[in-house]
Amino acid sequence: MEPESELVTGEAVVLDVRAAKLASRGLAMMLDVALQLVALIVAMLVLSQVAAFGDEALALTLFLVTVVLIMVGYPVIFETLSRGRTLGKMALGLRVVRTDGGPVRFRHALVRGLAGFFVDFWALGMLGVVAVVTSLLSPNGRRVGDYLAGTLVIRERMPASRTPYVGMPPQLAYWASQLDLTRLSNDLALAVRQYLSRTSELRPEAVEALGYGLAQQVAAAIGAPVPPGVPSWAYLSAVLAERRRRDQAKLRPAVQYGQAYPQAASPVAPAAPAPVVQPEAPSAPVPENPFAPPG
């Protein structure tokens with residue numbers, strides 16, 4: 001089983017991705033090279049007709065330019081337009097991303113294409129020996145072009161991983177229903193979801209530190225600080241669960257939406273939260289913190 005990558009976003013959240021190793025990358029490269037060779041053969045047939053009826057020097061110059069455009073332009077154009085995928089990578093389910101998990105842009109694709117032509121494969125790469133050796137020595141299978149461009153090739157087709165269930169803490173349900181979540185960005189919500197899915201795999205001090213930082217960002221975005229005595233993870237889980245509830249409500253028919261969620265202009269005041277009934281004779285002292293950490 002391939003180990004997970006160590007990609008970390010700007011919010012210090014570990015991304016659940018798998019780096020593509022030499023075998024899958026080599027097969028994708030072979031498919032791309034086969035397509036490039038076909039394009040070169042077609043270009044040679046066309047330029048041979050030019051040489052037969054024109055200047056041979058011009059035909060040779062056009063051939064050299066065509067070779068560079070095909071060998072360098074092919075990966076650069078495809079990786080730029082498809083956000084990190086050539087035809088070979090599409091067939092193998094691979095994608096080039098930045099080392100922080102973001103999509104590659106033209107400058108990343110250009111650096112990878114030039115390094116692949118001059119260093120990794122063709123000009124000085126001894127037909128791919130440099131790329132193979134570098135990839136074997138790299139823990140994430142990166143070649144010279146990846147190190148220069150700050151990129152990594154990952155696998156997109158993986159077995160279905162567990163999806164974190166973000167539940168609403170009962171103590172915060174009514175409080176969360178009053179929040180204004182319109183300014184909560186999708187990127188920040190994704191970072192919170194990734195954090196909540198990894199809490200059981202991190203050390204307690206790391207969970208607390210990362211949760212505190214994300215809670216401060218969410219509080220600044222929605223204008224609602226963490227209630228006193230509420231753990232950061234419970235605050236984040238309540239905000240995310242309420243956001244999901246509202247998104248699901250938008251997809252329901254208008255009649256169901258009106259029945260389940262009254263409009264804000266309704267004169268009927270929202271119902272107060274149900275009072276907590278204390279047991280008459282508790283067998284054990286009630287803990288001060290009613291929130292249990294997620295499993």
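## Salt bridges, sheet and cores of a predicted model

At 36% relative accessibility, Glu156 counts as partly exposed. The class follows from the relative accessible area: buried means under 20%, exposed over 50%, and partly exposed in between (1.4 Å probe, protein chains only). The structure is a predicted model, in which local features need pLDDT of at least 70 and side-chain atom pairs count only at pLDDT 80 or more, while totals for chains, interfaces and linings use all residues. Residues are numbered from 1 along each chain as its sequence is written, and side-chain values use heavy atoms, with hydrogens and water left out.

### Salt bridges

The partner of Glu156 in a salt bridge is Arg95, with a distance of 2.4 Å from N to O. Arg95 lies in strand 2 and Glu156 in the loop between strand 3 and helix 7 (173-177), so this pair ties together parts that are 61 residues apart in sequence. Arg95 has a relative accessibility of 17% and counts as buried. Helices (H or I, at least four residues) and strands (E, at least two) are DSSP runs, numbered from the N terminus.

The structure holds 11 salt bridges, each defined as a side-chain nitrogen of Lys or Arg within 4 Å of a carboxyl oxygen of Asp or Glu. Side chains of opposite charge can pair when their charged atoms come close. The table lists some of these pairs.

| Arg95 | Glu156 | 2.4 Å |

Three strands form an open sheet in the order 1-3-2, with antiparallel pairing. Strand 1 and strand 2 are the edge strands, each pairing on one side only. Two strands are taken to pair if DSSP finds at least two bridges between them. Strands of a sheet pair through backbone hydrogen bonds, either parallel or antiparallel.

Strand 1 (residues 18-19) is joined to strand 3 over two bridges, and Ala19 stands opposite Ile154 of strand 3. Strand 2 (residues 94-98) is joined to strand 3 over five bridges; here Val97 has Leu152 as its bridge partner. Why is strand 3 largely enclosed by the rest of the structure? Four of the five residues of strand 3 (residues 151-155) are buried, so the strand is largely enclosed.

### Nonpolar cores

In soluble globular proteins, nonpolar side chains tend to be buried together. A nonpolar core is here a set of buried Ala, Val, Leu, Ile, Met, Phe, Trp, Tyr and Cys residues joined through side-chain atoms within 4.5 Å. The largest such core has 29 residues, of which Val218, Ile222, Tyr235, Leu236 and Val239 touch the most other members. Helix 8 (186-197), helix 9 (204-222) and helix 10 (232-250) each supply at least two residues of this core, and helix 10 gives the most, with eight residues.

Contact means heavy atoms within 4.5 Å. Leaving aside neighbours within four places in sequence, Leu236 is in contact with Val192, Tyr195, Leu196, Gly211, Leu214, Ala215 and Val218. Apart from this core lies another, of eight residues, including Ile70, Val72, Val76 and Phe117.

Gln36 is found in helix 1 and is buried, with a relative accessible area of 4%. Not counting residues up to four places away in sequence, Gln36 touches Ile70, Met71, Tyr74 and Pro75.

Val42 lies in helix 1 and is partly exposed, with a relative accessible area of 46%.
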